[in-house]
Amino acid sequence: MAPKDKYTVILPTYNERRNLPIIVWLLNRTFTHHNLDYEIIIVDDASPDGTLEIAHQLQTLYTPSHIILRPRPGKQGLGTAYVHGLKSASGNFIIIMDADFSHHPKFLPTMIATQSRTKCDIVTGTRYAGDGGVYGWDLQRKLVSRGANLVADTVLRPGVSDLTGSFRLYKRGVLERVVAVTESKGYTFQMELMTRAVGMGFRVEECPISFVDRVYGESKLGGEEIVEYLKGVLSLWLKV
């Protein structure tokens, strides 16, 4: 009899004090309702709003077997947060997603079912295929996101409709192999992960999702991150 699958969710956080309890409650409800084994690894980068304090309370509520805390002393980048969390993961599947409620756990059963049916290596949520969409953004942010994906798709041609998305399900071994050769640390990390995965021959399936703007707090995407992204596209094009 094959061992039961276990799903590790890695949640990087920075100033997510108000969002974290909601996303953890929804994750617990989703996994419990579908009788799925899970753990949530919270990687907090010394949030000044007390996110880690809330995470400790959630660990007490949901037990340390389900909530694992791996805090860091300061902001070190989104990519390194996933790498840091991966070191403590015990699941054979890894889910990466945002903690700000923009990625709703209700899509996880469909993503998991897609992987089980197709036996693919990666399932990525997409805002730009099927009945996927974006809600709560103004026109400028929608144009920036669409433009970023268009630039990456034109230059890199990965065959994925939402290259900048960060709601994904990986086979653990696949993520470990791709992370080992990924150089980006910030907002270009997701793009490089997917581009390298496709280049390494891993199979990717897409699952339409509804992306909703964060419930509380402010977006951490600014002009510097956009410039970093464009530089990252060019750098990756030269390397891959």
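In this predicted model, strand S5 (residues 122–126) and S8 run parallel and are joined by 5 bridges. Within this pair, Val123 stands opposite Glu205 in S8. Strands of a sheet pair through backbone hydrogen bonds, either parallel or antiparallel.

S5 and S8 belong to an open sheet of 7 strands, with the order S3-S2-S1-S4-S7-S5-S8 and mixed pairing. The edges are formed by S3 and strand S8 (204–208), each with a single partner strand, so one side of each has no neighbour in the sheet. Direction ignored, neighbouring strands of this sheet are turned by 20° against each other on average.

Helices lie against these strands. H2 lies across S1, S2 and S3, and runs at about 145° to S3. Helix H7 (residues 189–199) packs on the sheet, where H7 touches S4, S5, strand S7 (168–171) and S8. The direction of H7 makes about 45° with that of S7.

Next come the nonpolar cores. The largest has 31 residues, and those with the most contacts inside it are Leu11, Leu27, Phe31, Ile40 and Ile95. Elements giving two or more residues to this core include strand S1 (6–13), helix H1 (20–33) and strand S2 (37–44). H1 gives the most, with 5 residues. Phe31 touches Tyr7, Val9, Leu36, Tyr38, Ile95, Leu108 and Ile112, leaving aside residues up to four places away in sequence. Apart from this core lies another, of 24 residues, among them Ile41, Val179, Met194 and Ala197.

For the whole chain, there are 8 helices and 9 strands. Of its 240 residues, 50% are buried. The chain exposes about 11300 Å², and carbon and sulfur atoms supply 55% of that area.

Methods:
Residues are numbered from 1 along each chain as its sequence is written. This is a predicted model: local features need pLDDT of at least 70, side-chain atom pairs count only at pLDDT 80 or more; totals for chains, interfaces and linings use all residues. Side-chain values use heavy atoms; hydrogens and water are left out. A nonpolar core is a set of buried Ala, Val, Leu, Ile, Met, Phe, Trp, Tyr and Cys residues joined through side-chain atoms within 4.5 Å. Buried means under 20% relative accessible area, exposed over 50%, partly exposed in between (1.4 Å probe, protein chains only). Helices (H or I, at least four residues) and strands (E, at least two) are DSSP runs, numbered from the N terminus. Contact means heavy atoms within 4.5 Å. Accessible areas come from the Shrake-Rupley method with a 1.4 Å probe; for residues, only the protein chains shown count as cover. Two strands pair if DSSP finds at least two bridges between them. Axes are lines fitted to C-alpha atoms, for helices over the stretch in contact, and angles run from 0 to 180 degrees between N-to-C directions.
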